[in-house]
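This report describes selected features of a predicted model.

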Amino acid sequence: MGMLEEAQDAIHQLIRFLTTHQSEDGSWHFCFESTPMTDAYMILLIRALEMEDEEALVQELVRRLEWTQSSVGSWKAYPDEKEGNLSLTIEAYTALLFSGYVDRQELTMMKARRFIKMHGGIRAASSMTKVVLAVMGEYDWPVFLPVPLEFILLPNSAPLNFYDLSVYARAHMTPVLLLADHKFSVHLSKKTELAELIGDRTSDDWRLNEGRSFSSFIQEAVETLNGLPHELHKEAALKAVQYMFDHLEADGTFYSYFSSTFLMIFALLAHGYSKKAPVILKAFEGLKGHLSRTRGTLHAQNAVSRVWDTALLSYAMQEAGIRYDHPSVQAANQFLLRHQHTNYGDWAIHNPHVKPGGWGFSHTNTMNPDVDDTAAALRALRPAAKHQQAVFEHWHRGLAWILSMQNDDGGWASFEKNTDKKILKLIPFDGADAASIDESSADLTGRVLEFLGHFTGLPSTYPKIKNGVEWLRRNQEADGSWYARWEVGYIYGTWAAITGMRAVNLHPEDPTIQKGIRFLLKNQNEDGGWGESCENDVVKHYVPLGKSTLSQTAWAVDALISVYDKPTPEMDRGIKSLLTQLSQFQDTFTYPTGAGLPGTFYTYYHSYNLIWPLLTLGHYLN
């Protein structure tokens with residue numbers, strides 16, 4: 001069988017699998033598998049809320065934690081992380097002790113303790129880990145100074161205010177500030193005796209030294225507020241609670257994220273709510289809706305990727321030759337239409353002159369759309385929109401929304417517009433440099449340009465397109481790559497940038513594109529594929545994995561396809577690698593190629609081994 005026939009056969013097999021695994025509501029639901037953090041948090045939450053009827057769930061999650069522990073006793077953020085991740089290990093170790101099903105003298109627990117001590121103890125852990133341990137009564141609250149609670153009261157007209165933070169930062173900082181303000185800890189009879197793991201006091205500065213200038217700046221702004229200090233403080237606490245209530249989804253979760261909902265529950269307890277309050281019980285049930293069985297264990301997903309998976313799979317199937325009126329595509333598109341947003345969310349604060357029309361990542365998300373999911377949904381719906389007026393009206397509303405979300409610098413970010421004040425990266429909280437603001441990124445900008453070029457008919461001279469291309473030119477790395485914010489990492493960013501610029505008619509020989517192609521060809525593996533390590537986020541440059549993954553190989557090959565009008569030897573080697581990987585299960589099949597928080601949070605999308613090979617093989621045949 002020749003390679004073209006092999007590619008066609010692989011496409012048929014992928015489509016056959018997808019059409020038989022589609023849910024009745026038209027969606028596809030694959031696991032959004034991440035680190036053990038959320039599994040540990042769920043155990044801690046059950047114990048904190050004293051839910052005695054959830055023992056079966058605790059036992060399942062204990063098995064998950066035991067299964068994910070490494071041979072040296074640590075837990076890792078990604079498989080090739082050197083030795084392990086200190087914060088994850090502390091969280092998992094603590095959860096196992098709180099579960100009551102694992103004895104601290106077991107060999108695996110002794111190994112975990114040894115790893116924690118060798119790497120500086122709890123004082124060397126991340127800020128969030130310390131918050132969680134303080135909430136559980138296992139660590140003393142320090143003097144917490146990043147921003148005062150009154151920060152939430154600053155008006156939107158202030159040079160720096162609450163809504164200058166990224167939505168992700170607001171969702172997590174709001175409950176953390178309430179917890180720190182109360183120095184809250186749950187009252188539990190059982191303690192886990194972590195004193196021996198505290199570590200050297202000199203490392204417990206919570207990044208305050210590097211953040212003092214920022215804190216002073218915020219404090220000066222807060223002092224301009226009119227009112228008595230104690231009244232302002234009370235008002236700020238009430239506003240923080242109200243902010244959380246205003247962003248509850250129908251399933252009870254706060255912003256549809258596990259991590260923010262977990263923190264919200266404790267913040268409400270700190271504010272005086274009982275453990276049996278309806279809002280807390282409903283939030284807990286919402287978090288149970290994040291549970292997914294994967295690889296023989298039960299995993300608490302940080303979010304549910306049903307909209308993202310469905311949009312990308314519907315689009316990939318159509319690119320591989322399935323018509324828009326095929327029952328499977330029609331069902332998927334109806335699911336997407338039902339989940340287009342009609343609510344105004346926080347995004348409207350910086351972008352008030354457009355109607356809602358975006359899509360979010362999760363089907364439970366109704367107020368926090370993002371540019372990436374919106375572009376994905378619009379791609380999937382475009383063929384139907386050409387033939388069905390009702391679909392076109394939805395599609396056009398989404399187009400207007402995504403166009404309006406372009407930042408003033410010419411790029412596109414994820415959730416909100418112009419939330420890119422770099423001073424906020426100085427917030428003295430681990431991860432702030434990556435999560436505190438929502439900057440333009442190469443992956444979002446490239447993907448939007450690809451959508452605009454291929455699916456809207458807008459000319460390459462259209463100002464928003466020209467500005468987007470110029471943003472990509474300015475932000476290309478010295479080695480020819482682009483860094484992606486939401487996937488791993490430089491391969492994905494380079495694919496997004498190249499396919500985006502080619503879609504808006506940048507010439508294949510343009511120096512910017514050729515430099516990107518040279519980066520990809522330089523890093524092709526001997527087997528013809530591509531593979532990149534999550535470590536790139538830590539060292540801030542490309543790090544080869546040493547072996548190939550399906551999604552990263554598909555991204556690189558698809559970039560080549562967009563540039564060359566006929567197969568090249570490198571392209572054919574990439575296709576061969578894709579076909580081999582699809583037919584032979586390899587250890588990289590489960591490697592996480594999705595990114596959330598650099599060095600901390602990565603995801604293995606179970607859908608990606610279907611989406612990206614199908615899309616690339618379809619493009620190759622076409």
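## Nonpolar core

The largest nonpolar core of this predicted model comprises 215 residues. The residues with the most contacts inside this core are Leu179, Phe266, Ile402, Trp612 and Leu614. Helix α10, spanning residues 258–270, supplies the largest share of the core, namely 10 residues.

When residues up to four places away in sequence are not counted, Ile402 touches Val371, Thr374, Ala375, Leu378, Trp412, Val448 and Phe451.

## Packing of α9 against α10

Helix α9, formed by residues 229–246, packs against α10 at an angle of about 140°, and the two axes lie 11 Å apart. An angle over 145 degrees would count as roughly antiparallel; α9 and α10 are therefore classed as oblique to each other. Their crossing is left-handed.

On the α9 side the contact is made by Val241, Met244 and Phe245, and on the α10 side by Met264, Ala267 and Leu268. By class, the contact of α9 with α10 consists of 6 nonpolar residues, with no polar and no charged residues.

## Packing of α23 against α25

Helix α23 (residues 550–563) and helix α25 (residues 608–621) meet at an angle of about 20°, with their axes 9 Å apart. Angles under 35 degrees count as roughly parallel, and α23 and α25 are therefore roughly parallel to each other. The crossing of α23 and α25 is left-handed.

From α23, the contact involves Leu550, Ser551, Ala554, Trp555, Val557, Asp558 and Ile561. From α25, the contact involves Tyr608, Asn609, Trp612, Pro613, Thr616, His619 and Tyr620. These residues of the contact of α23 with α25 divide into 9 nonpolar, 4 polar and 1 charged.

## Backbone geometry in loops

Most residues other than glycine have a negative phi, and most peptide bonds are trans. Against this background, the peptide bond from Val488 to Gly489 is cis, with omega near 0°. Gly489 is placed in the loop between α19 (463–474) and α20 (490–503).

Glu50 has a positive phi, near 55°, although this residue is not a glycine. Glu50 belongs to the loop between α2 (37–48) and α3 (55–68). Its relative accessibility is 46%, so Glu50 counts as partly exposed. Asn505, likewise a residue other than glycine, has a positive phi of about 75°. The position of Asn505 is in the loop between α20 and α21 (511–522). With a relative accessibility of 60%, Asn505 counts as exposed, since the exposed class begins over 50%.

Thr512 is located in helix α21. Its relative accessibility is 10%, and Thr512 therefore counts as buried, the cut-off for this class being under 20%.

Which residues are in contact with Thr512, leaving aside its neighbours within four places in sequence? The contacts of Thr512 are with Arg473, Gln476, Trp482 and Met501.

How values were computed: Residues numbered from 1 in each chain as written. Predicted model: local features only at pLDDT ≥ 70, side-chain atom pairs only at ≥ 80, totals over all residues. Heavy atoms only, no water. Core = buried A, V, L, I, M, F, W, Y, C linked by side-chain atoms within 4.5 Å. Buried < 20%, exposed > 50% of the residue type's maximum accessible area, 1.4 Å probe, protein only. Helix = DSSP H or I, 4+ residues; strand = E, 2+ residues; numbered from the N terminus. Contact = heavy atoms within 4.5 Å. Axes fitted to C-alpha atoms, helices over the stretch in contact; angles between N-to-C directions. Parallel < 35°, antiparallel > 145°, perpendicular 65-115°, else oblique. Left-handed = near helix turned anticlockwise from the far one by under 90°. Nonpolar A, V, L, I, M, F, W, Y, C, P; charged D, E, K, R; others polar.
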